[in-house]
Amino acid sequence: MKRYIYPMVLFTDENELYTALYPDLNLLASGFSIEDVYARANEYLGFYITSALKYESKIASTSKYAEIQALNPNKIVLLGSVYVDEDSIILTDDEQVEKNFLNEFVFTEEDSNE
């Protein structure tokens, strides 16, 4: 089991809706309390990491907490995390078809180096 940890920026709007942003992943979650948005953001992080591993996509490296905090001095910066058992990730038949399609027809950075 591997733990993935990313800095998360929390902010609120005039309607007191909280938003959590993982800047490294461009991943957003929202909720009506800090606890709610924190839980949702970590759940979304888990979906994101699991999907990336299933489809063998590149997973962005994490920024340092201090860097994210310095860029967001008036916002709450927390660390979100998720544990993923990489050995238990199995594609369904439909997911395997999607993965095969993506591998065959989607242009990647590696393709441009050939």
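How many helices and strands does the secondary structure of the chain come to? The chain comes to four helices and four strands, where helices (H or I, at least four residues) and strands (E, at least two) are DSSP runs, numbered from the N terminus. This is a predicted model, in which local features need pLDDT of at least 70 and side-chain atom pairs count only at pLDDT 80 or more, while totals for chains, interfaces and linings use all residues. Residues are numbered from 1 along each chain as its sequence is written, and side-chain values use heavy atoms, with hydrogens and water left out.

**Figure 1. The chain as a whole.** Start at the N terminus and follow the elements in the order β-β-β-α-α-β-α-α. Taken along the principal axes, the C-alpha atoms fill a box of roughly 45 × 30 × 30 Å. Of the 114 residues, 27% are buried (under 20% relative accessible area, with exposed meaning over 50% and partly exposed in between; 1.4 Å probe, protein chains only). Among contacts (heavy atoms within 4.5 Å) with a separation of 6 or more, 57% join residues 24 or more positions apart.

Figure 2. Two strands count as paired if DSSP finds at least two bridges between them. To find your way, look for L10, which stands opposite A20 in β2. Five residues lie between the strands of this hairpin, and E16 takes a positive phi near 60 degrees.

**Figure 3. The hairpin of β2 and β3.** Strand β2 also pairs with strand β3 (residues 27-31), in the antiparallel sense and over five bridges. A handy landmark is L21, which stands opposite L28 in β3. Four residues lie between β2 and β3 in this hairpin, and N26 in the turn has a positive phi of about 55 degrees.

**Figure 4. The surroundings of S81.** Now move along to strand β4 (residues 76-84), where S81 lies. Which side chain makes a polar contact with the side chain of S81? The partner is the side chain of R3, at 3.1 Å. A polar contact is a pair of N or O atoms within 3.5 Å; within protein, one must be able to donate a hydrogen and the other to accept it, and residues adjacent in sequence count only if both atoms are side-chain atoms. Leaving aside neighbours within four places in sequence, S81 is in contact with R3, Y4, I5, Y22, N42 and L45.
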